[in-house]
Amino acid sequence: MHELGIATEIVNATVKAAAAHGAERVSAVAVEVGALQLVDVEALCAAFAAAAAGTLAAGARLDVREVPLQAVCRVCGTTYAPAIDDYQCPRCHAADPEFVAGNDIMLMSIDLETAEEQQGEPH
Amino acid sequence: MSRIEVVSSVLAANEAKAEQNKARLHAAGAVAVNVLSAPGSGKTTLLQHTLTALTDLPAAVLVGDLQTSRDAERLAATGAPVVQINTGQGCHLTPDQVAEGLDRLDLEQIKLVFIENIGNMVCPAGVDLGEDYRVALLSVPEGDDKIAKYPTLFQAADLILLSKVDLLPVLPFNVAQVEADLALVNTRAPLLRRSTLTGEGMPEWLAWLRSRRRS
Ligand SMILES: Nc1nc2c(ncn2[C@@H]2O[C@H](COP(=O)(O)OP(=O)(O)O)[C@@H](O)[C@H]2O)c(=O)[nH]1
Ligand SMILES: [Mg+2]
Ligand SMILES: [Zn+2]
C-alpha cells in the first residue's frame, strides 16, 4: 500500500517527463529512494509494474538506488549518518536530526524510445 | 534509445501543496496540528475531550478515515466544525485532501485546526500536510516496543502522548523502555502521559495547545 502510493507518484512524474520529450515508450526509469521512506525495493518494483500498466511506462524497468540517511544535529551542528532506528548524535547524544539526505525520492533519469526509433529498429 | 536526466524530487509536488496549505492557514491566523498514531490509540477520543474543554480557542477538525463518517459524527457532537475525509484505499491523508477540507471550513473563525490522520504508523509519517505541529500517540495497549519499531512516526513529532495510561496498572508495559527508545529517536519532543478516562495530562495538553496559538 505504502509502495503503491510512491510507485504511482514515480509513474506520474515519468509519464509527464516522457510526454514532454515526445516519447512513445519508456524502457527504463532510475530512481533514488531515501532510507527514511522505509521502502521495500521488491514491493516498489512490483507496485511500479502495476501502476505503469496502460501508460507510456508500461513494461519499463525500474532501477532503484537506496540512499542512506545523513543528518545534521539541530543541537550541536554535527553531520552524521544515523541508523534507521537510532538518530542519536555521536557528539552530543541529542536525537534531533535534520535529515539532509535519505529522506527524499528522486526521479533521476528516464530511458525513452521515440516513435521514429521504434519504427526504425532492426527486426 | 535516449536518456533524459530528470533529477527531480517525486515528493516535491506534494510539498508545494503542503506549503500552500500552510500559507493559507497562516493568513487566516490559524495553527494546524497533525495527529498521528496506529488505529485505536485514542485520537478521536482525545479530540472529543479537547474540543469540549478548549472553549477559549475556536477549533475545527479534519478527520481522515478509509471509510465511514463515524469519527466525524463523534466529533461534531461537541459543536465544533468537522470535515470527514474518506481516503478509500489511501493509507494517509494528502495535502490535496487537506486543501479540500480547508475549503469547507470558515477559517476566519478558527484559530486551531486539528488534522486526525489515517490510523497507520508508517505512511503518514513521511507526508507533510502543511501542519505547524505533529502530535504522535502511543497507547499503552499497543505495547512498549512501538517507538523502537516505528521510529519515523515518533521522530517527526513535536509532542508525544502516552495514551490510555489508566491501563498501566493492569498491563505489562515498561514506561522506562519507552523513554529509553525515545532517547534514540527524538529528544526534542516531550512525552506526556494522557488518559481520557481519568483526565491525567489534560491540563498540560491544553496548555501546550494554547501556547501554540498564533496571536
Ligand atoms: N482505557 C482507555 N481507553 C481509551 C482512552 N482513550 C480512548 N480509549 C478507547 O480506545 C478506543 C479507540 O479510541 P479512538 O479515539 O476511536 O481511537 P482512534 O482510532 O485513534 O481515533 C475506544 O474504545 C476508546 O473508548 C483512554 O484514555 N483510556
Ligand atoms: Mg479516529
Ligand atoms: Zn549533536
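Lys164(B) counts as partly exposed, at 26% relative accessibility; here buried means under 20% relative accessible area, exposed over 50%, and partly exposed in between, with a 1.4 Å probe and protein chains only. You'll find Lys164(B) in the loop between strand E7 (159-163) and helix H7 (175-185) of chain B. Helices (H or I, at least four residues) and strands (E, at least two) are DSSP runs, numbered from the N terminus. The backbone of Lys164(B) has a phi near 65 degrees, a positive value in a residue other than glycine.

Before going further, some housekeeping. This is a predicted model, where local features need pLDDT of at least 70 and side-chain atom pairs count only at pLDDT 80 or more, while totals for chains, interfaces and linings use all residues. Residues are numbered from 1 along each chain as its sequence is written, chains are lettered from A and ligands numbered from 1 in the order in which they are written, and side-chain values use heavy atoms, with hydrogens and water left out.

Back to Lys164(B), then, and on to ligand 1. A polar side-chain atom of Lys164(B) lies 2.8 Å from an oxygen atom of ligand 1. The backbone gets involved too: a backbone N or O atom of Gly42(B) sits 3.0 Å from an oxygen atom of the ligand, and a polar backbone atom of Thr196(B) is 2.8 Å from an oxygen atom of ligand 1. On its own, ligand 1 has 580 Å² of accessible area, and the protein covers 72% of that. Those areas come from the Shrake-Rupley method with a 1.4 Å probe, and for residues only the protein chains shown count as cover.

Who else is around the ligand? Ligand 1 is surrounded by 15 residues, the closest being Gly40(B), Lys43(B), Thr44(B), Thr45(B) and Asp166(B); a residue is near a molecule or strand if one of its heavy atoms lies within 4 Å of it. H2(B) gives the most to this shell, with 3 residues. By type, the shell around ligand 1 splits into 3 nonpolar, 7 polar and 5 charged residues. In that scheme Ala, Val, Leu, Ile, Met, Phe, Trp, Tyr, Cys and Pro count as nonpolar, Asp, Glu, Lys and Arg as charged, and the others, Gly among them, as polar.

Thr44(B) takes us to the metal. The magnesium ion (ligand 2) has Thr44(B) (OG1), Asp71(B) (OD) and Glu116(B) (OE) as its protein donors, lying 2.1 Å from it. Along the chain, these donors follow the spacing T-x26-D-x44-E. Thr44(B) lies in helix H2 (residues 43-53) of chain B and Glu116(B) in strand E5 (residues 112-116) of chain B, so the pair ties together parts that are 72 residues apart in sequence.

Thr44(B) and Glu116(B) are both buried. Asp71(B), in helix H3 of chain B, is buried as well, with a relative accessible area of 13%. The side chain of Asp71(B) also makes a polar contact with the side chain of Thr44(B), at 2.7 Å. A polar contact is a pair of N or O atoms within 3.5 Å; within protein, one must be able to donate a hydrogen and the other to accept it, and residues adjacent in sequence count only if both atoms are side-chain atoms.

Thr68(B) is in the loop between strand E3 (59-65) and helix H3 (70-76) of chain B. Its phi is near 70 degrees, again a positive value in a residue other than glycine, and Thr68(B) counts as partly exposed at 40% relative accessibility.

Now for the cysteines. The structure holds 0 disulfides over all chains, a disulfide being a pair of cysteine sulfur atoms within 2.5 Å. Take Cys91(B): its closest cysteine sulfur, in Cys123(B), is 3.3 Å away, too far for a bond. Cys91(B) is buried, with a relative accessible area of 8%, and over in chain A, Cys73(A) is buried at 3%.

Val100(A) counts as partly exposed, at 47% relative accessibility.

How values were computed:
Donors are N, O and S atoms within 2.8 Å of the metal (3.2 Å for Na, K and Ca); water is not among the atoms, so sites may look incomplete.
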